[in-house]
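Here's a quick tour for anyone meeting this structure for the first time. Have a look at the sequence and the fold, then read on.

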Amino acid sequence: MAAAAGALAGAAALVTLAVGAVGAAYGAGEGPGAGERPGPVAAAVSPGGSVLPDGTRSGTARPSDVIRLSDGTGPFGFPGGPDQGEGVALTAYGRFAPPGSFVPSTALTYDRTFVPAGAWIVVEQSTERSETVVRARVGGLKAGHAFGAHVHTAPCDADPAAAGPHYQHRAAPVAEPANELWLDFTTDAAGEGNAETRHDWGLRRGGAQSVVLHAVQGGAGTRVACFTVPFGGYGTP
């Protein structure tokens, strides 16, 4: 099942959501190989035929965002997903654009000194009931800068505060990496960087909805960019 939104040009504008352990939707030229079992899969592509750090190459007829998510339900909570216990596999790609841009984007930059328009981000999630792994890769950001990054509880909006607080495994008055999903990274001379966080707990369904980039590392700091990501999980928020 697929949901498409936005436009292609220069931004993360089209999202395809495919759910299911058997009969999952695949884009043109994609699909399981001989003997492979179709299931929770994810792919990220970029506009204009460019190549992402993982070697993925887009084609001219493919969207700028591809998200494939399986979390025990169908899209938006409807039945039809894989059996519970199979976990979640998700990859989301976005290009940053200022709020209010003519071409809407799921990735917003609030300070183009740190995150220029057109910079990109890839977020990957792998979750089971007993483990969560989240990875982030970025490119085109301010070179040689130490960014803070955390998973937050709400989608991005024109107001940086709209993404809400950090996602926490257990409600706590302080921010700390052991209880949250931190992805701090330092960009190289090309403005690229990556980070990974790994925990022995799963996510609450609907509880994590974005990745926020901060001007400084640590538990807080000015929010310079935000990427809406429909993280998958189990149970209720």
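Phenylalanine 96 has alanine 107 as its bridge partner in strand 4. One step along, alanine 97 is bridged to leucine 108 of strand 4. Keep in mind that this is a predicted model. Strand 3 and strand 4 (residues 107-109) run parallel and are joined by two bridges.

What about the link between strand 3 and strand 5? Those two pair in the antiparallel sense, over eight bridges. Valine 88, for instance, has threonine 127 in strand 5 as its bridge partner.

| Residue | Bridge partner | Strand of the partner |
|---|---|---|
| valine 88 | threonine 127 | strand 5 |
| phenylalanine 96 | alanine 107 | strand 4 |
| alanine 97 | leucine 108 | strand 4 |

Now zoom out. Nine strands make up an open sheet with mixed pairing, in the order 8-7-10-11-4-3-5-6-9. Strand 8 (185-186) and strand 9 (193-199) sit at the edges with a single partner strand each, so one side of each has no neighbour in the sheet. As for strand 3 (residues 88-97), nine of its 10 residues are buried, so the rest of the structure largely encloses it.

In soluble globular proteins, nonpolar side chains tend to be buried together. Here the largest nonpolar core has 33 residues, and Val115, Val123, Leu213 and Phe231 touch the most other members. Among the elements that give two or more residues to this core are strand 3, strand 5 and strand 6 (131-139). Which strand gives the most? That's strand 3, with four residues.

Leaving aside residues up to four places away in sequence, valine 115 touches Phe96, Thr109, Leu141, Phe147, Leu213, Val224 and Ala225. There's also a second, separate core of five residues, including Leu108, Cys156, Ala163 and Val212.

Finally, the aromatic rings. The count comes to three aromatic pairs. In one of them, phenylalanine 114 and phenylalanine 147 have ring centres 6.3 Å apart and planes at 80 degrees, so the pair is edge-to-face. Phenylalanine 114 is in the loop between strand 4 and strand 5 while phenylalanine 147 is in strand 7, so the pair ties together parts 33 residues apart in sequence. Are these two buried or exposed? Phenylalanine 114 and phenylalanine 147 are both buried. Ring pairs also bring in Phe185, linking Phe114, Phe147 and Phe185 into a cluster.

Key. Residues numbered from 1 in each chain as written. Predicted model: local features only at pLDDT ≥ 70, side-chain atom pairs only at ≥ 80, totals over all residues. Heavy atoms only, no water. Buried < 20%, exposed > 50% of the residue type's maximum accessible area, 1.4 Å probe, protein only. Pairing = 2+ DSSP bridges. Core = buried A, V, L, I, M, F, W, Y, C linked by side-chain atoms within 4.5 Å. Contact = heavy atoms within 4.5 Å. Phe/Tyr/Trp six-rings, centres within 6.5 Å; stacked < 30°, edge-to-face > 60°.
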